Amino acid sequence: MSVLTRDEAQTRARLLDVHRYTIELDLTTGEDTFDSRTVIAFTARADADTFVELKPAELRSVTLDGHPLDPEQLVENRLPLPALTAGEHELRVDASMRYSRTGEGMHRFTDPTDGETYLYTQLFMDDVQRVFAAFDQPDLKAVFDLTVTAPEGWTVLANGITEHLGEGRWQAATTPLVSTYLVAVAAGPWHSIRTEHRGLPFGIHCRRSLAPHLDADAEEILDITRQCYDRYHEKFEEPYPFDSYDQAFVPEFNAGAMENPGLVTFRDEFVYRSAVTDTERQTRGMVIAHEMAHMWFGDLVTLQWWDDIWLNESFAEYMGYQTLTEATRFTDTWTDFGVVRKAWGYDADQRPSTHPVAPENVDDTASALLNFDGISYAKGASALRQLVAWLGEKDFLAGINTHFARHKFANATLADFIDSLASGTERDVHAWADVWLRTTGVDTLTPTTTRADDGTHTLTVDRAGSRPHRIAVGLYDHDLGDTGRLVLRERLDLDIPQSDPQALGKRPALLLLNDGDLTYAKVRFDPGSFETVRTSLSGLPEPLTRAVVWNALRDAVRDGELPASAYLDAARAHLPHETDLALVQGVLAFASAQIAGRYLTPEDRPAALTTLTALCRDLIRRTEDGSDPGLRLIAVRHFIDVAAHPDTIAAWLTEGTVPGGPELDPELRWRVLSRLAVLGATEETAIAAELARDPSATGQEGAARCRAALPDPEAKRTAWDAMFTTDDLSNYLFTATAQGFWQPEQADLVKEYVPRFYEDAVTLAARRGPAIAEAAGRWAFPTHAVDPETLRLGEECLRDADLIPALRRKLVDQLDDLARALKVREA
């Protein structure tokens, strides 16, 4: 397939003015393909050659201004439009298009629970070409008229309000000017809940089999939607720019959600069918807030080219967390951001694949797709949070509103955005952008305290890096009445680089840089503060403060400065006293997956699992009175995941409950069965029985995960063939199979597959495309095999194989993580 380059896009944008797409989709033509008829009205500004993109199963006919073009001229995904003359034109395309099972283009899913079929589009980057013919680049905005023919009994959702015309035909309201990648359709026998807010139609939708679960949470989802909508209208002068707001929870979705104007699509795991923690509900709320922010930043004002992805994602990420904090009951969202998202950004920014938040070298769409990572989301949001701390929220919002006014229903660049921000402040925003958005890497801040003759201390902060930072420095003393508890003496505002040492007075027990987590930087401790952290971390009064400390410990382990066992010791000592669910979940996840799974040697893994089991048991005992069901659920999940012996969790499965609760819902039952499979304590008959009990899509994934995890050579062969030989697995079933396949406990059993991975993944990625390539690189990579030979084989693959960009990026990242794990073990 030919990918669009920036130069080609700029040339075409200078040539064309695209006015309108009239699209007719017929979804009644069979299970493999659908019909797509497109009329594009456009103007050429000069005599020139150009092209239109599409990826059909069959291109039946093409006419330009009534004259037929030869369908055989379609090469890969490009149909030439030669010798265009200046003036108005009409292009008509009639094609048959393939349904997808990989979450790209028009994804088709049949629900195993009830046999109902659902379709939805994901047209991001260059997948609109899988659904209709288009001049597919973000700065050729147009209006869209869409008609869809669907089976009787289905509902069709789209960017605008849809009307059923009878006989399965649906007409969507004409859109305002939007980019091609933002067009959306979702069709099927949806379960829908509709309401209005401030005169605007709101709707939430899911598969019928999930209806009871959506009904149970509908008020919470709609409340958050209303609260965020109202808060954005307080922040933004430009009103919501579309005619309705639908949120569809769709199956087998690759991303968390997609900001299609008027029809946001979410992965339907956000319709919870099993028990979840309040932090997970908060995450769903954040995604709702994030996608709604995109209605302004991304949809109303759209990037001009894909080098400005951060303009969409960093802004929505920052605004999602901040607005959820301001407008809803979830007032502590920045702790979860610090634990989960920021770690994602720090990790991505220290790999060879790092890039600036606002890169200048995104030459084509394949390269752009790789930048949807922890840098464009978490680092960019952290940079914006630091900008607000430096600029002030009033001036920041003034600049944002200027930006909307200048560029609404059009496209904008980084330079446009910075000019808008600069219009509302005397600060040098351009210089800020250069050092924060055009550079790579993470600064490291290290404190040094100096004692004067009078017994007072001063602070000097050493900065390894180049960015200016405005941070708070927390000074904490031991509580005289409780030496395990720390009290905040003072928070000092500090600009780095410093002009002079900062006076501290009496030396604190703990000196914490970046208290409040307002900047993006790794922090270290002076020796006295580290000793306080070791003994009294859980005594810090605020969860966000503890998050900064836990992140510092995590970074020190990854950098080989702190033994992995020391992190485990800190978790064992302090997590039993932790009250914040995001922190408990984040620390346990890092301790089990990275510390026990990669950074400690196989010989040390059993002792680590014993420690984690004891820790989880303590948390379970602590919550026996029912005081904190969320904490208990986290502890139970992780107890299952780290169980080295099957007896306890097998008894839970037999009884259907953990003593004292919770009862095992489907998610917990599959989790237990998966761990029993790893330990060789179950078999195919039990998996089949559980699937009969839960034949849902999630049950199908659970069964695939369990079957791949069985410590049996035939089970491994079957799983490997399913992933790499046949193309029958959907994106979700591929991921589930890959998650089950590699297990640290089965290293000898799967040793022969480690070298096979590289060759088979290369072939698979070329055959099935970017979504499966990303899944293979992320989930099917042998992460447990921390040894020089795995690294050597991977480096050889990078050097010699013909890799599609999506797989190359994942392998670069995986191999860098592998090299880091080897260094941590050596240290």
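**Loops, strands and a helix pair**

Analyst: E76 is located in the loop that separates β5 (67–69) from β6 (78–84), where strands (E, at least two residues) and helices (H or I, at least four) are DSSP runs numbered from the N terminus. This is a predicted model, in which local features need pLDDT of at least 70 and side-chain atom pairs pLDDT 80 or more, while totals for chains, interfaces and linings use all residues. Residues are numbered from 1 along each chain as its sequence is written, and side-chain values use heavy atoms, without hydrogens and water.

Although E76 is not a glycine, its phi is positive, at about 55°. E252, likewise not a glycine, has a positive phi of about 55°. E252 belongs to the loop between β17 (245–250) and β18 (257–258). With a relative accessibility of 6%, E252 is buried (under 20% relative accessible area, 1.4 Å probe, protein chains only).

Two cis peptide bonds also fall at loop prolines. The bond from I496 to P497 is cis, with omega near 10°, and P497 sits in the loop between β25 (482–496) and β26 (502–505). The bond from G661 to P662 is cis as well, with omega near 5°; P662 lies in the loop between α17 (647–655) and α18 (666–678).

Among the strands, β7 (residues 87–98) runs antiparallel to β2 (residues 33–44), and 12 bridges join the two (strands pair if DSSP finds at least two bridges). In this pairing, A41 faces E90 of β7. Strand β4 (residues 58–64) also pairs with β7 in the antiparallel sense, over six bridges, and here E58 is opposite S96 of β7.

Helix α19 (residues 684–693) and helix α20 (residues 697–709) have axes that come within 9 Å and cross at roughly 170° (lines fitted to C-alpha atoms over the stretch in contact; angles from 0 to 180 degrees between N-to-C directions). Therefore α19 is roughly antiparallel to α20 (over 145 degrees). From α19, the contact (heavy atoms within 4.5 Å) involves E684, I687, A688 and L691, and from α20 it involves G699, Q700, A703, C706 and R707.

For C706, the nearest cysteine sulfur belongs to C616, 20 Å away.

Key
A disulfide is a pair of cysteine sulfur atoms within 2.5 Å. Angles under 35 degrees count as roughly parallel, over 145 as roughly antiparallel, 65 to 115 as roughly perpendicular and the rest as oblique. Buried means under 20% relative accessible area, exposed over 50%, partly exposed in between (1.4 Å probe, protein chains only).
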